[in-house]
Amino acid sequence: MEHAQEQEACLEQTQRYCVQRPIYNQELLQGQLHRQQRTPQTLGQKIAHSCRCSSKKAKSHLYSFLPILKWLPRYPVKEYLLGDIISGISTGVMQLPQGLAYALLAAVPPVFGLYSSFYPVFLYTFFGTSKHISIGTFAVVSMMVGGVAVREVPDEIISVDYNSTNVTDVLEYYSARDTKRVQVAVALAFLSGLIQLCLGFLRFGFVAIYLTEPLVRGFTTAAAVHVFTSQLKYFLGIKTSRYSGPLSVVYSIAAVLSKITTTNIAALIVGLTCIVLLLIGKEINLRFKKKLPVPIPMEIIVVIIGTGVSAGMNLSESYKVDVVGNIPQGLRTPAVPEIQLIPALFVDAVAIAIVGFSMAVSMAKIFALKHGYTIDGNQELIALGICNSVGSFFQTFSITCSMSRSLVQESTGGRTQIAGTLSAIMVLLVIVAIGYLFEPLPQTVLAAIVMVNLKGMFKQFGDIMHFWRTSKIELAIWVVAFVASLFLGLDYGLLTAVTFAMITVIYRTQSPQYRILGQIPNTDIYCDVEEYEEVKEYPGIKIFQANTSLYFANSESYTSALKKKTGVDPGALLTARRKAQKRHAREIKAANEHRKKATNDVEASVKHEIASDDLPVNGKFADSSVQDIPPDEHEYFVEPKTNIHSLILDFTPVNFVDSVGAKTLKSIIKEYKEVGVCVCIASCSGPVMNELTRLNFFDKSVTRELLFHSIHDAVLACQVKDGCAAQ
């Protein structure tokens with residue numbers, strides 16, 4: 001009782017509005033409004049305006065191209081510097097082992113992972129708009145690069161006798177193979193950077209929206225399986241070839257299983273120990289996140305311990321454990337990428353460019369939303385393009401944002417990309433000074449680091465249950481992206497997933513929800529009659545809504561759903577009318593013949609009493625019989641069996657109409673008019689109205705008077721028309 005009283009009190013306090021105005025159709029509304037005068041610009045004027053330069057415009061473009069000029073002069077040293085230093089050091093100690101480890105994924109020597117962890121990170125500080133993401137090597141992109149490098153330079157392409165006992169021949173083989181693979185990786189970085197630059201300058205930052213979250217998560221989960229599989233041989237110390245392309249996962253697993261008996265026990269023990277230590281470290285960081293000033297840098301600790309143990313026990317010589325090997329000191333001289341490789345790498349470069357940008361911009365948006373600033377998608381494309389293309393002259397492979405390092409950079413107090421610069425400086429110190437210390441580092445340690453970092457991606461398998469509960473279509477996108485990327489390879493898998501995502505969009509527009517609307521009593525609000533008990537339909541009026549635009553792909557289904565939902569099929573009614581008319585004509589004919597036979601006998605007996613000029617032919621009796629049929633009976637046979645006089649099409653969800661949709665709409669209006677049903681259109685937006693005008697939709701039979709500003713305007717107009725017709 002008290003609850004009911006509270007509800008009544010709330011209703012009484014609810015704000016109300018009352019507006020008195022005419023019933024507006026588009027003809028009347030446009031007649032009362034005055035359009036603003038706009039002088040259309042010619043193409044020459046537009047070009048001249050865009051090329052016009054002023055100091056303010058030049059300054060704006062410069063700040064947009066080099067965001068550091070905007071934020072660095074305003075950098076609050078006292079507030080931000082300490083947090084950036086701690087964040088930079090924390091990120092740098094992660095950058096070092098990940099750079100070395102992800103180089104193995106890219107099928108290049110480990111030192112090139114360090115180069116890729118320095119140049120691009122430093123460049124992004126000047127051109128990037130995100131304050132928190134950590135640019136550098138990333139497992140998924142590194143795996144894609146490695147797949148291309150192995151495809152272009154397989155093990156068999158370098159001729160060498162595998163059974164040769166000459167160490168020099170074997171070393172020359174590996175050196176030649178690695179050199180060619182580096183050339184492929186560098187050319188791929190150069191080309192993907194150029195593609196990103198072009199897309200950025202052409203303002204194509206929106207391309208990332210086509211990589212939906214389910215697609216990206218399914219794709220990265222499959223990439224995690226690829227990465228994990230590729231690391232098994234390093235983790236177990238097994239010598240196998242690396243595979244790329246369709247079914248590469250299957251071939252890699254088969255190759256590892258075929259040589260599982262040759263597992264290096266020492267490498268396996270070292271790898272398992274590293275995995276245990278890394279998992280313990282990550283768990284401690286997670287549980288005591290709020291109490292720890294900075295996360296425990298378990299990766300660099302494992303690298304240092306692994307390097308020390310390997311050097312002390314001489315694992316390479318004593319137990320045949322594969323190690324990182326030669327790490328040359330200093331930076332390499334700039335070199336132009338191998339341009340002749342570009343034609344064979346173009347498709348792969350497009351895939352890497354889009355995936356890399358998608359990863360970076362999605363992470364950047366998360367941090368921007370959390371910390372209250374904005375990022376520029378087009379400038380992010382330009383920044384990544386510069387990082388990849390310029391970095392390729394210094395022997396780097398393709399890079400993007402790392403999720404794990406970005407989270408560390410943000411959580412340890414990083415406020416700007418000064419933190420990224422400091423992490424790059426730490427990598428530089430290793431390259432020029434102490435890189436040689438990591439030469440004894442076992443490759444199984446790097447494999448363990450990569451595998452543990454995949455933990456977050458493998459958790460994405462939980463998406464299956466989530467999408468099963470929320471959206472079956474998004475679940476289908478996730479599954480297709482995962483399965484295609486897993487078995488077809490990351491490049492063809494991504495293409496397949498994007499294509500399937502596009503197909504789901506078409507499917508959704510071709511299979512929309514159709515509803516009949518009714519009024520909430522005493523309001524101008526209209527809802528689905530099947531969803532709410534309070535909603536009532538107006539007698540004789542049907543309000544139809546489809547939550548999609550009207551175009552060639554769904555115009556036929558729109559018409560079918562309209563007939564089904566309203567219960568009025570003009571074609572069926574007209575057919576029934578014709579059949580009724582024919583049946584009625586047959587009955588009249590039969591009645592005439594019966595009456596003619598009866599009257600013939602009468603004529604024979606009374607013929608002499610009938611004047612010849614009164615009834616000259618017997619057909620006169622037939623005419624009389626037709627007129628004897630009651631008018632009500634005639635109406636019953638020829639009129640459609642419907643009590644609907646008005647049909648309102650709600651165009652609120654309609655975003656566009658093409659020529660096929662306009663013709664369909666015109667056909668609907670004419671067909672229903674033939675059976676006595678007036679069709680109106682409500683809530684048609686301005687752009688859709690302009691499209692209908694351009695498509696010559698309006699004529700003498702279909703005028704703007706059929707279009708109304710709202711559903712309620714259309715309902716009131718239909719009631720007025722019906723009232724006038726009844727009178």
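Modeller: Helices (H or I, at least four residues) and strands (E, at least two) are DSSP runs, numbered from the N terminus. The model is predicted, so local features need pLDDT of at least 70, side-chain atom pairs count only at pLDDT 80 or more, and totals for chains, interfaces and linings use all residues. Residues are numbered from 1 along each chain as its sequence is written, and side-chain values use heavy atoms, with hydrogens and water left out.

Biologist: Where does L247 sit?

Modeller: In the loop between α11 (213–236) and α12.

Biologist: Which residues make the nonpolar surface patch?

Modeller: Y243, L247, V250, Y251, V479, V483 and F487, with an area of about 550 Å². Patch residues have over 30% relative accessible area and no salt bridge; like charges are joined within 9 Å, nonpolar side chains (Val, Leu, Ile, Met, Phe, Trp, Tyr) within 5 Å. Areas come from the Shrake-Rupley method with a 1.4 Å probe, and for residues only the protein chains shown count as cover.

Biologist: Which helix gives the largest share of that patch?

Modeller: α23, with three residues. Both α12 (248–258) and α23 (472–488) supply at least two.

Biologist: Now the inside. Which residues touch the most other members of the largest nonpolar core?

Modeller: V108, I133, V140, M144, V145, L215 and L446, out of 122 residues. Helix α16 (residues 342–371) provides the largest share, 15 residues. A core here is a set of buried Ala, Val, Leu, Ile, Met, Phe, Trp, Tyr and Cys residues joined through side-chain atoms within 4.5 Å.

Biologist: What does I133 touch?

Modeller: Leaving out residues up to four places away in sequence, its contacts (heavy atoms within 4.5 Å) are Y124, A360, M363, A364, F367, E380, C401, S406, Q409 and Q417. There is also a second, separate core of 35 residues, including F544, A662, L665 and M689.

Biologist: Switching to charges. How many salt bridges?

Modeller: Eleven, counting a side-chain nitrogen of Lys or Arg within 4 Å of a carboxyl oxygen of Asp or Glu.

Biologist: What does R151 pair with?

Modeller: E152, with the closest N and O atoms 3.0 Å apart, and D348, at 2.7 Å. D348 lies in helix α16 and R151 in helix α9 (residues 139–152), so that pair ties together parts 197 residues apart in sequence. Shared partners join R151, E152 and D348 into one network.

Biologist: And is D348 buried or exposed?

Modeller: Buried, at 6% relative accessibility. R151 is partly exposed at 35%, and E152 is partly exposed at 27%.

Biologist: What about E530, which partner?

Modeller: K565, with the closest N and O atoms 3.6 Å apart. E530 is in the loop between β4 (526–528) and β5 (541–546), and K565 is in helix α25 (residues 555–566), 35 residues away. E530 is exposed at 64%; K565 is partly exposed at 29%.

Biologist: Last topic. What is the strand order in the six-stranded sheet?

Modeller: β4-β3-β5-β6-β7-β8, an open sheet with mixed pairing. Strands pair if DSSP finds at least two bridges between them. β4 and β8 (707–708) are at the edges with a single partner strand each, so one side of each has no neighbour in the sheet.

Biologist: How many bridges join β3 to β4?

Modeller: Three; β3 (residues 514–519) and β4 run antiparallel. L517 has D528 in β4 as its bridge partner.

Conventions
Buried < 20%, exposed > 50% of the residue type's maximum accessible area, 1.4 Å probe, protein only.
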